[in-house]
Amino acid sequence: MSRTIIKMRNIVKRYYIGQPNELEILHGMDIDIHEGEFVAIVGASGSGKSTLMNIIGALDKPTEGVYYLDDTDISKLNDKQLSDIRNKKIGFVFQTFNLISRQNALKNVELPMLYGGMSRKDRSKRAMELLKLVEMEDRYTHQPNELSGGQKQRVAIARAMANDPAIILADEPTGALDSKTGHLVMDIFHKLHKQEGKTIVLITHSPELASETERIITISDGMIISDSANPDAGKDIDLSDIDDFETDENGMQILPVGDDPMKNMQVLMKGGIRVTGEEDHR
Amino acid sequence: MSFWENIKMALGAIKSNKMRSLLTMLGIIIGISAVITITTLGNTLKSTFNNAMSLTGSSNLIMAQLYPNDGDYDIDIDISDYITMDMVEEFMDKYPGKFYFGSDTSAGEGTLINSKNNTVNVSILGGAEGTFDSYAIKMLYGRKVTFRDSLESRHTCVVSDVFVEQYFKNKEEPIGKQISVTVNESLPVDFTIIGVYKYNEMIMGNSGGVKREDLKTNLIIPYSVALEVNNRYRDDLFYSVIFSFDKSLTPEEATSTLEDFFSEKYEYNKNWGVKVVTNEQLMSVMSTAINIVTVIISVIAALSLIVGGVGVMNIMLVSVTERTREIGIRKALGAKKKTIKGQFVTEAIIICLIGGIIGILLGLLNGELVAIIANKIVASQPDYADLLGNVKVSPPVGGIIISLIFSTLTGVFFGLYPASKAAKMNPIDALRYD
């Protein structure tokens, strides 16, 4: 097996610690992600996936547990060191692109390299190469407001690749795009994965998107409810065979969690369910 | 991240909001331009007056002037109230070698024709030893016209080196030569040349464009003779008399000597007395006045800078809030706290510096305008034009440097709080901000 890029053990995140409204969002997660993997983390809103993403992205520190990113223990770092990790090890792709609106495509791609202290010449050379990779090289002088959503996201992906990070962390990267451009953007992720061997973590609530990846981690209520390889990667999902729902005493649909990641996701997609086979942790 | 990158980024942010940036700068612009205008004016005034004063000679000039006892200048002056030539003579006799009579009077224009039939024009000025001090005239050779010459109405004169070139073509020794001057186009009057002084363009007034051979220079003759050739014998009454005093006297000694003398003379005069002022006093009064105005304006300018600075801080706070998301993005991309802080402080400094530079330019422009007006006024007052010469603007180099430093400090001081607010933002919240 290849090198472990992300190693999380018993990650717990609590807010309002010590106050009456103390809230535990993540209840102890163990995740291993290996070099070159294309992983989807799927969960409905409120499942804790944003919190998990913030911790993976070194924007936030776990309350308990250890998190090794590329062999560095993130949970022990200070603010400045976290900035460095975000700069060098992580490439963010956001749902809303988050380009700096006053700067053109090239300058946006250069930004992480600027913060990383790369020389001006090297920066623009690398930025042009990356724009070429996402097929945006002829738009490098364009301001973000002169680009379409899909084009913006491609520039954002090029920016995420700037310092050749250990992982690309994409948070609903197609969420603000129509399905056609969404597919184009996903194609770029596949290209980065296959051609560049990038480790990509895709965070989404969409089973459809997740189904394109090789491994699906499903979370709900701050717990991992399934983590399995997706042999059907790339295939269309068929929702029609979900019919064996039961209804609990509250009228909620219940479906036992199984080994088939697609099934698990389909369960989630049907919406508003609790999962049997797990103790109620509240 | 380098200094230049920071500056470029700040300029980008400022440019993206031109109108707002300009309005933000306004307080700074007004403050700095006020400082520069007033320091320019102060400098100009000082140098003009210093110039005038140094031309009107040395600091050993003293003036006795009639002064109404109750300070009300509306009182009529009776002919018996004036200072008379007799008083002056008595004073000079009392302190021989200590004081020199320095008042002067114009006797009008004179025309001479030399042996080659060339016409030479002169201005005729009546005076005595002190007059040479008061106009800072340097003798080349020979002697000055004296108070004694004046008392005895001797027809002596001192001419300029330019006159020697014009009249004698430098071929004859001028001392002792008799010249015949047609005064104010009436009868010719004869004078004997007793001395030659050095013509000084600065003192003798403008000669712009006039060739040396066409210059009209001063012919200096004894005071009483100047009155005589104009038939103004009765004019030997003075409202004020100028003396130069010997270096062995301090200005205080000279003042008290004059004061004592005249207070005795005016002891029984109900309405008028004599006030004595020295050149130095005049100068120090002037510069004190200028300094007071400078201080007042500087205080106003400082207030305006503070108000401007608060404006900058206010806008920076708005800008930080507005750009919360941008700050979140930058942090997610690896910007450190100090980088974010640096970015916003740089922006505040640049706003203040640009404001400062605009203010300096405006201030210099104002100073220039005032100088133009001042020159117009001086030109319309021919009596003083020679004395004041050309009003030259002296830009306050120190003021400019201090203004630049102060604008920078204003930027640092009022930019720091918004900048640290930006730097402290939590990237997660900032990214979620709409």
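In β4(A), Y67(A) is the bridge partner of M8(A). Helices and strands are DSSP runs numbered from the N terminus (H or I of at least four residues for helices, E of at least two for strands). The model is predicted, so that local features need pLDDT of at least 70 and side-chain atom pairs count only at pLDDT 80 or more, while totals for chains, interfaces and linings use all residues. Residues are numbered from 1 along each chain as its sequence is written, chains are lettered from A and ligands numbered from 1 in the order in which they are written, and side-chain values use heavy atoms, with hydrogens and water left out.

Strand β1 (residues 4-15) and strand β4 (residues 64-69) of chain A run antiparallel and are joined by five bridges; two strands are taken to pair if DSSP finds at least two bridges between them. Both strands belong to an open, antiparallel sheet of four strands in chain A, ordered β2-β1-β4-β5. Its edge strands, β2 (23-34) and β5 (72-73) of chain A, each pair on one side only. Helix α1 (residues 49-56) of chain A lies across β1, β2 and β4 of chain A, at about 125° to β1(A). Axes are lines fitted to C-alpha atoms, for helices over the stretch in contact (heavy atoms within 4.5 Å), and angles run from 0 to 180 degrees between N-to-C directions.

A further open sheet in chain A has six strands in the order β6-β7-β8-β3-β9-β10, with mixed pairing. β6 (90-93) and β10 (223-229) of chain A are at the edges with a single partner strand each, so one side of each has no neighbour in the sheet. Neighbouring strands of this sheet are turned against each other by 15° on average, direction ignored. β7(A) and strand β8 (residues 199-204) of chain A run parallel and are joined by five bridges. L169(A) stands opposite V201(A) in β8(A).

Most residues other than glycine have a negative phi.

At the interface, 25 residues of chain B are in contact with 24 residues of chain A. The two chains bury about 2200 Å² between them, 57% of it on carbon and sulfur atoms; buried area is the accessible area (1.4 Å probe) that two parts lose on being put together, summed over both. L333(B), K336(B) and I428(B) supply 29% of the area that chain B buries against chain A, more than any other three residues.

Four salt bridges are counted between chain B and chain A, a salt bridge being a side-chain nitrogen of Lys or Arg within 4 Å of a carboxyl oxygen of Asp or Glu. The side chains of D79(A) and K337(B) form a salt bridge (3.7 Å, N to O). The elements of chain B that give two or more residues to the side touching chain A are α1 (3-15), α11 (324-332), α12 (337-379) and α15 (427-432). α11(B) gives the most, with six residues.
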